[in-house]
Amino acid sequence: MRISLKDPKNITAIAVIAAIYVALTVTLAPFGYGMVQCRIAEVLCLLAFIHPAYGYGAVLGCFIANFASPFGMVDVLAGTFATFLSVVFITKTKNMFIATLWPTLCCAIVAAVVSYYTNTPYLITCLSIMAGEFIVVTIIGYPLLRYVCANKRLHNFLSMRLPEKTIL
């Protein structure tokens, strides 16, 4: 997942996605932290399927947003690592539906942190967090990603392939 950090398009994409991720997570905080999570911002990870720069943005956004986590620095590190892993797997996966499953599987890392700090059984915590992630990323995100990929102009725009003078 290599992109040029000298390209203003990539830097802008990273910054915009990170800002949206943080805004969504912090604004909807009761749903994004804790044993039952439905972090709406995680759907942004799927944009890495279109262009890796968006994955960097999601990871950066997760890192920043997790500073508001009630679990402290360990969630910053573990949560960011889980998002990083899911983005890496998304960029390497050719099948769109399979790509939507990586964030759900990788959030098992987050479940370990939450289970430890809430003193709840890991399996229950893991299934709870995975269910929320599956709802957001696969049930909601998959149709959105299919729509984006089917819409040629939107897909080209997000792929950063539009000529400079093209107006949407």
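Me: At what angle do α4 and α5 pack in this predicted model, and what does that make α4 relative to α5?
Reply: In this predicted model, the axes of α4 and α5 sit 8 Å apart, and the angle between them is about 160°. Angles over 145 degrees count as roughly antiparallel. So at about 160°, α4 is, relative to α5, roughly antiparallel.

Me: Which residues make the contact of α4 with α5, and how do they divide by class?
Reply: On the α4 side you'll find Ala 82, Leu 85, Ser 86, Phe 89 and Ile 90. Across from them, α5 brings Ala 99, Trp 102, Pro 103 and Cys 106. By class, that comes to eight nonpolar, one polar and no charged.

Me: Is Ala 82 buried or exposed?
Reply: Ala 82 is part of helix α4. Its relative accessible area is 5%, and anything under 20% counts as buried. So Ala 82 is buried.

Me: What does Ala 82 touch, leaving out residues up to four places away in sequence?
Reply: Let's start with a distance: Ala 82 and Ala 108 are 26 residues apart in sequence, and their C-alpha atoms are 8.0 Å apart in space. As for contacts, with residues up to four places away in sequence not counted, Ala 82 touches Cys 106, Ile 109 and Val 110.

Me: How do the axes of α5 and α7 cross, and what does that make α5 relative to α7?
Reply: Helix α5 covers residues 96–106, and its axis comes within 9 Å of the α7 axis. The two cross at roughly 150°, and over 145 degrees counts as roughly antiparallel. The crossing is right-handed. So α5 is, relative to α7, roughly antiparallel.

Me: Which residues make the contact between α5 and α7, and how many of them are charged?
Reply: From α5 come Met 96, Phe 97, Thr 100, Leu 101, Pro 103, Thr 104 and Leu 105. From α7 come Met 130, Glu 133, Phe 134, Val 137, Thr 138, Tyr 142, Leu 145, Arg 146 and Cys 149. By class there are 11 nonpolar and three polar residues, and the number of charged ones is two.

Me: Is Val 137 buried or exposed, and which residues is it in contact with beyond its neighbours within four places in sequence?
Reply: Val 137 belongs to helix α7. Its relative accessibility is 0%, and the cut-off for buried is under 20%, so Val 137 counts as buried. Leaving aside neighbours within four places in sequence, Val 137 is in contact with Glu 42, Val 43, Leu 46, Thr 100, Pro 103 and Tyr 142.

Me: Which residues of α6 and α7 meet, and how many of them are nonpolar?
Reply: On the α6 side, Ala 108, Val 110, Ala 111, Ala 112, Val 114 and Ser 115 take part. They meet Tyr 122, Thr 125, Cys 126 and Ile 129 in α7.

Me: Which helices do the buried residues of α6 pack against?
Reply: The buried residues of α6 are Ala 108, Val 110, Ala 111, Val 113, Val 114 and Ser 115. They pack against α4, α5 and α7.

Me: Where does Asn 119 lie, and is it buried or exposed?
Reply: Asn 119 lies in the loop between α6 and α7. Its phi is near 55°, a positive value in a residue other than glycine. Its relative accessible area is 70%, and over 50% counts as exposed. So Asn 119 is exposed.

Key:
Residues numbered from 1 in each chain as written. Predicted model: local features only at pLDDT ≥ 70, side-chain atom pairs only at ≥ 80, totals over all residues. Heavy atoms only, no water. Contact = heavy atoms within 4.5 Å. Helix = DSSP H or I, 4+ residues; strand = E, 2+ residues; numbered from the N terminus. Axes fitted to C-alpha atoms, helices over the stretch in contact; angles between N-to-C directions. Parallel < 35°, antiparallel > 145°, perpendicular 65-115°, else oblique. Left-handed = near helix turned anticlockwise from the far one by under 90°. Nonpolar A, V, L, I, M, F, W, Y, C, P; charged D, E, K, R; others polar. Buried < 20%, exposed > 50% of the residue type's maximum accessible area, 1.4 Å probe, protein only.
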